[in-house]
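Hi everyone, thanks for coming along. Let me bring the structure up on the screen, and then we can walk through it together.

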Amino acid sequence: MSAVMPPAALAAAPAAGQRRALWLALWLLLASCALLVLGASVGSTGFDSVLHAGRDPLARQIVWDIRLPRTLGAWLAGALLGLAGAVAQGLFRNPLADPYLLGSASGAALGGAVAMAMLGVSPTTASWLAGLGVTSAAFIGAAGAVLLTLVLARGVQHTLRLLLAGVIVGVVLSAARDLIQVAKPQILESMQVFTMGSSAFVGWQACALMAGSWALCAAAAWALSRLLDGLMLGEATAASLGLPLAPMRAGLVLAMALATGTAVAHTGLIAFVGLAAPHLVRSIARVTHQWHVWLSSLMGAVLLLAADILARWLIAPQELPVGVLTAALGGSYLLWLMHRRTLAVSL
């Protein structure tokens, strides 16, 4: 069960929790500003492009058309994944739930594979990913996967059935993607870039789309956060509070799907951000979901942007796939967390 405090528990110590949440939000916003500036300065040409952007048209183009949109895009993708992770963990009442539970990741990867195969994208033209609409196909695939999950689960009334349907859809769509890759081996390298995750293909239009999606999903999650708090007490208790469970759960599922699908469509599959961000927030500030979804979104944005900058800087002028870096760092964090909890239990 998620460790987010229900309203009754929060009432015991409201002042401390609210102060801690406000401080956390302030620090995350400050970290975001610092990382956005740093992200615009990190790249194959180093700080020279920033220093000469005022008088060198090429340097200005590098900073404005490449570094700034990918930096902002990484922040927005992380915000979407962090938000989706907080909703997923609250909705399924499981701290190990992540945004990809309903098959959206597998659907996005399948959509990308279909578009690459139909458009003839080759390994040497991976930059066609955004230009030829692969990101749009990935978004359609993610949305279609969630709809298929809802059909198989016969709605959103039963959480366990919804979870099992999402697992089944994910496995089937992953198999379909593998079959396409076998039939069209020329897309293997481009698909590898997509499945490893990268912000390299994010432009200003993608940033605008992700920003709009984040605003819509954040507003929906905040408005429906009472259901997440009610579910902390159990299905029966939530129903007894007079909450319309079915429509509110459907709204949360759609918000989670939209956030995940938009992020995956533009940056590929990036692991552990949506899983780790809510965990980190809970370890610092125990609050209701009205605060938790916002803080998790900010935490996810900071985590992914920091990982993206690190991926660009570690082996510059080359760069690591940011999805591989987040998987390594996120997996290490969760292993440490499990080890710490095991020691605490044994003591």
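Of the 347 residues in the protein chain, 51% count as buried, meaning under 20% relative accessible area, with exposed over 50% and partly exposed in between (1.4 Å probe, protein chains only). A quick word on the source: this is a predicted model, where local features need pLDDT of at least 70, side-chain atom pairs count only at pLDDT 80 or more, and totals for chains, interfaces and linings use all residues. Residues are numbered from 1 along each chain as its sequence is written, and side-chain values use heavy atoms, leaving out hydrogens and water.

The protein chain has 16 helices and zero strands; these are DSSP runs, H or I of at least four residues for helices and E of at least two for strands, numbered from the N terminus.

Now, helix 14, residues 273–284. Why is it described as largely enclosed by the rest of the structure? Because 10 of its 12 residues are buried, among them Leu275, His279 and Arg282.

Next stop, Ala97. Ala97 sits in the loop between helix 4 (57–91) and helix 5 (104–119). Is Ala97 buried or exposed? At 3% relative accessibility, Ala97 counts as buried. Which residues does Ala97 touch, not counting residues up to four places away in sequence? They are Ala88, Gln89, Phe92 and Leu275, where contact means heavy atoms within 4.5 Å. Leu275 brings us back to helix 14, where Leu275 is buried.
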